[in-house]
Amino acid sequence: MNKKIITMIAIAGAIFTGCGSGTNNKNVADENTIKIGSTFPLTGQYSNYGVSTVNGIKMAVEEINSNGGIDGKKISLESLDDKGELTDSVTSYRKLVENGAAAVIGTNTSSPSQAIAEASQADGIPVITPTGTEESITVGKPNVFRTCFTNPYQGDLLAIYAKDSLKAKTAAILENTASDYSTGIADAFEKKAEELGIEIVAKESYGENDTDFKAQLTTIAGKNPDVLLLPEYYEKLSLITPQARNANINAAFLGGDGWDGILKTMDPSSYDVIENSFFTNHFSIEDTDPKVQEFISKYKETYGEDPTAFSALGYDTVYIIKQGFEAAQSDSNEDRCAAIKGLNFKGITGSFTFDENNNPKKAASIMKIEKGEYKFDSIVNPR
């Protein structure tokens with residue numbers, strides 16, 4: 001390949017890197033619609049998250065279209081299944097862009113969300129992950145946003161809750177060293193807990209494919225902590241929590257938003273093992289805000305079940321795009337990204353603005369599992 005061709009490719013790459021000023025020609029060609037793409041795990045081990053999120057997205061799209069769309073243009077939604085896998089997530093993202101998406105929503109877990117965020121730097125279209133919590137996803141990427149809070153943010157809030165509400169003096173941590181989600185929450189919790197005067201009496205770990213946690217839990221049980229942090233997703237939690245109680249750990253369990261969905265995973269006969277568990281979340285069905293209750297009622301009518309926080313985050317994400325696109329000075333990616341960045345948004349999952357790294361600045365709901373139900377416990381603010 002000669003130098004002239006290399007130079008031309010380099011220039012082209014520079015033009016389309018970051019939150020570019022170009023528009024998506026395939027999208028502009030249809031003057032009556034705006035195409036939004038979504039990629040989530042609709043099958044596989046994280047499908048519980050993906051289906052819930054996409055349900056919320058679809059409901060928002062239908063509402064917006066029935067109320068005139070975005071600046072009079074109807075939303076055309078294309079939803080793909082990435083199975084929660086890195087390669088599939090990037091493949092889905094690229095297909096959505098090729099098909100003319102003006103914005104992409106996705107995906108659920110952090111590593112695939114990170115992969116999409118990196119891939120999007122060649123296009124510059126707005127990308128929003130509703131639930132990807134790894135801090136680095138948005139850093140240095142002006143076109144990438146998130147609707148949820150980050151892993152370190154959750155760790156801080158859980159330590160504050162343990163100190164202020166549970167009056168914990170000692171804590172133990174069991175983390176998945178193969179998961180950025182788990183270690184991100186664990187490290188922040190440990191640092192904040194020690195700052196607040198909570199003694200970390202044990203910090204144990206395991207690998208991604210482990211299913212037997214007896215050795216780690218036996219060590220933790222010997223320390224008799226007031227709280228045990230379990231920063232994991234619901235599938236693994238359904239294995240860990242029964243083993244923890246069998247190891248005679250009576251501590252309150254703490255966790256991040258990955259706990260949302262555990263009741264669907266566990267048999268009701270086992271609900272007693274997760275009694276007295278608390279986790280950070282973005283939304284509560286017990287919220288009395290009329291707007292939230294209207295969302296819950298419509299979701300139940302549409303899907304026959306209560307929405308999860310993932311449903312609410314997906315729903316809010318579509319409205320972030322709508323408000324950002326309508327506030328933009330033009331249809332360029334650059335102006336749309338800038339408009340989203342400047343939003344003062346009020347949604348189902350709270351009111352917030354975006355910080356310097358495109359993360360929402362908002363409080364968290366603490367949910368308690370009680371008699372096989374998620375119960376709203378309190379609101380925790382950072383400090």
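The legends below describe close-up views of a predicted model.

Residues are numbered from 1 along each chain as its sequence is written, and side-chain values use heavy atoms, with hydrogens and water left out. Local features need pLDDT of at least 70 and side-chain atom pairs count only at pLDDT 80 or more, whereas totals for chains, interfaces and linings use all residues.

View 1. Helix 8 spans residues 214-223; helices (H or I, at least four residues) and strands (E, at least two) are DSSP runs numbered from the N terminus. Gln216, Leu217 and Ile220 of this helix are buried (under 20% relative accessible area, with exposed meaning over 50%; 1.4 Å probe, protein chains only). Down the helix 8 axis, the buried residues fall within an arc of 90°, so they line one face of the helix; the arc is that of the directions from the helix axis to the C-beta atoms. Lys214, Ala215 and Gly222, on the other side, are exposed. The buried residues pack against strand 6 (170-176), strand 7 (199-206), strand 8 (227-229) and helix 9 (234-246). Just after helix 8, Asn224 has a positive phi of about 50°.

**View 2. Leu228 in the largest nonpolar core.** A nonpolar core is a set of buried Ala, Val, Leu, Ile, Met, Phe, Trp, Tyr and Cys residues joined through side-chain atoms within 4.5 Å. The largest one has 57 residues, and Leu228 is among those with the most contacts inside it, as are Phe189 and Trp259. Helix 6 (residues 151-164) gives the largest share of this core, six residues. Leaving aside neighbours within four places in sequence, Leu228 is in contact (heavy atoms within 4.5 Å) with residues including Ile173, Ile220, Ile249 and Phe253. A second, separate core of 35 residues includes Phe40, Ala309, Ala312 and Ile340.

**View 3. The largest pocket.** A pocket is an open set of points on a 1 Å grid over the protein atoms alone, with protein on both sides within 12 Å along at least five of seven lines; lining residues have an atom within 4 Å of a point. The largest pocket holds about 450 Å³ of space, a volume being the space filled by probe spheres set on the points, which are joined across faces, edges and corners. Of its 20 lining residues, Tyr46, Ala178, Ser179, Glu208 and Tyr233 lie nearest its centre. Helix 5 (110-119), helix 7 (180-195) and helix 9 each give two or more residues to this lining, and the largest share, three residues, comes from helix 5.

Conventions: On a 1 Å grid over the protein atoms alone, a cavity is a set of points where a 1.4 Å probe fits but cannot get out, and a pocket is an open set with protein on both sides within 12 Å along at least five of seven lines; lining residues have an atom within 4 Å of a point.
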